[in-house]
Amino acid sequence: MKFRIMNKALEDALTSLMVKGKHLTSAGFSTGNLGTEVYVKLTGHELMCYNGDGTFMARLKIDNPIVEGIEDGLVSINAETILPYLKTFDGSENTHIVVSDGCITMSQGTKKAVCPVLTAHRDLESINRMITMLSHINYETTLESLFNFSNSKFEGGFVLNYSNFKEAIQNCELVKTGIYKLDFDGTSVSFSSATTNQNSFSDTLTPTGTLGEEATVLFSSPLYSFFDKGQSLNFYVKDEFPLLIVAEDRLLLKAPHIGG
């Protein structure tokens, strides 16, 4: 596997795929991520990057002219291992990547870094299953489709800009539950979090586009951290169903939070 890529693009992609931020964990509401292992597949000049397990799937695409494919291939890497080396390179310049003999070699100018690769992503079976199940889903500039997923179908959709979504969830994080309620009534959407009547936050947003029926979903994790500043986000919802968010170059599916 060989390719050249703008260094900052790869650095940003690996950072996004970990979905870093405030999470609800067994230790409480604390800083963490959804996983550091990333599965990467190069076909021509298209680099597809994935992370996931039985509860979520993150898919991010980088293509020409950001990527120049030389030799197709696939590899699983630990983003936390790779990122410190990428940060030593010039972000605006291309980095040459070669994967062979159980190692990934990254070089730019006089600098070269070599790191081990993973035998396989720890949830590769889940990722491959999700790749197949989500292969028909792509970004729409105008909402027209309510996609099928897992023998069912999303019933509602709406469009928000990244900054509004991020601000709403970051404000909900002040409640420190790590669990967020999405209420879509067909014309507006509210995000809220609460422990008691005396400790809660909610924000109601007006989407720039809507489709379909109302729905309510509970979810966890700082999902905004996967997306990029300035992006338009298409949300797809159904009661007690996974939450799907699609942007121009990436997709995130998160299982609903079940219980209190």
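**A chat about the fold**

Modeller: Let me start with a hairpin: β4 and β5 are joined with 2 residues between the strands, and G44 there takes a positive phi near 65 degrees. Keep in mind that this is a predicted model.

Biologist: Good to know. How many bridges hold β4 and β5 together?
Modeller: There are 5 bridges between strand β4 (residues 37-43) and β5, in the antiparallel sense. L42 has L47 in β5 as its bridge partner, and K41 has M48.

Biologist: Which strand does β5 pair with over 6 bridges?
Modeller: That is strand β6 (residues 56-62), again in the antiparallel sense.

Biologist: How many residues of β5 are buried?
Modeller: For strand β5 (residues 46-52) the count is 6 of 7, so the rest of the structure largely encloses that strand. β4 is mostly covered too, with 5 of its 7 residues buried.

Biologist: You mentioned L47. What does L47 touch?
Modeller: Leaving out residues up to four places away in sequence, L47 touches M1, F3, I5, V40, K41, L42, L60, K61, I62 and V67. In the largest nonpolar core, which has 60 residues, L47 is one of those that touch the most other members, along with L182, F191 and F235.

Biologist: Which helix gives that core its largest share?
Modeller: Helix α4 (residues 162-172), with 5 residues. There is also a second, separate core of 19 residues, including M130, F149, F154 and F241. As a general point, nonpolar side chains tend to be buried together in soluble globular proteins.

Biologist: Changing topic: what is the strand order in the open sheet of 5 strands?
Modeller: The order reads β7-β1-β9-β10-β11, with antiparallel pairing. At the edges sit β7 (67-71) and β11 (111-116), each pairing on one side only. On average, neighbouring strands of this sheet are turned by 20 degrees against each other, direction ignored.

Biologist: How many bridges join β1 to β7?
Modeller: Strand β1 (residues 2-6) has 4 bridges to β7, and the two run antiparallel. F3, for instance, has G69 in β7 as its bridge partner.

Biologist: Which helix packs on the sheet?
Modeller: Helix α1 (residues 7-17) does, touching β1, β9 (94-100) and β10 (103-108). The direction of α1 makes about 90 degrees with that of β1.

Biologist: Let's zoom out. How many helices and strands are there in the protein?
Modeller: The secondary structure comes to 4 helices and 22 strands. The radius of gyration is 19 Å, close to the 18 Å from the globule rule for 260 residues, so the protein is as compact as a globular protein of that length.

Biologist: What does the C-alpha trace span along its principal axes?
Modeller: About 60 × 40 × 35 Å.

Biologist: What share of the residues is buried?
Modeller: Of the 260 residues, 47% count as buried. The protein exposes about 12300 Å², and carbon and sulfur atoms supply 46% of that area.

Biologist: Last one: what share of the contacts comes from residues 24 or more positions apart?
Modeller: They account for 63% of the contacts with a separation of 6 or more.

Notes: Residues are numbered from 1 along each chain as its sequence is written. This is a predicted model: local features need pLDDT of at least 70, side-chain atom pairs count only at pLDDT 80 or more; totals for chains, interfaces and linings use all residues. Side-chain values use heavy atoms; hydrogens and water are left out. Two strands pair if DSSP finds at least two bridges between them. Axes are lines fitted to C-alpha atoms, for helices over the stretch in contact, and angles run from 0 to 180 degrees between N-to-C directions. Contact means heavy atoms within 4.5 Å. The radius of gyration is taken over C-alpha atoms; the globule rule is 2.2 Å times the number of residues to the power 0.38. Buried means under 20% relative accessible area, exposed over 50%, partly exposed in between (1.4 Å probe, protein chains only). Accessible areas come from the Shrake-Rupley method with a 1.4 Å probe; for residues, only the protein chains shown count as cover. A nonpolar core is a set of buried Ala, Val, Leu, Ile, Met, Phe, Trp, Tyr and Cys residues joined through side-chain atoms within 4.5 Å.
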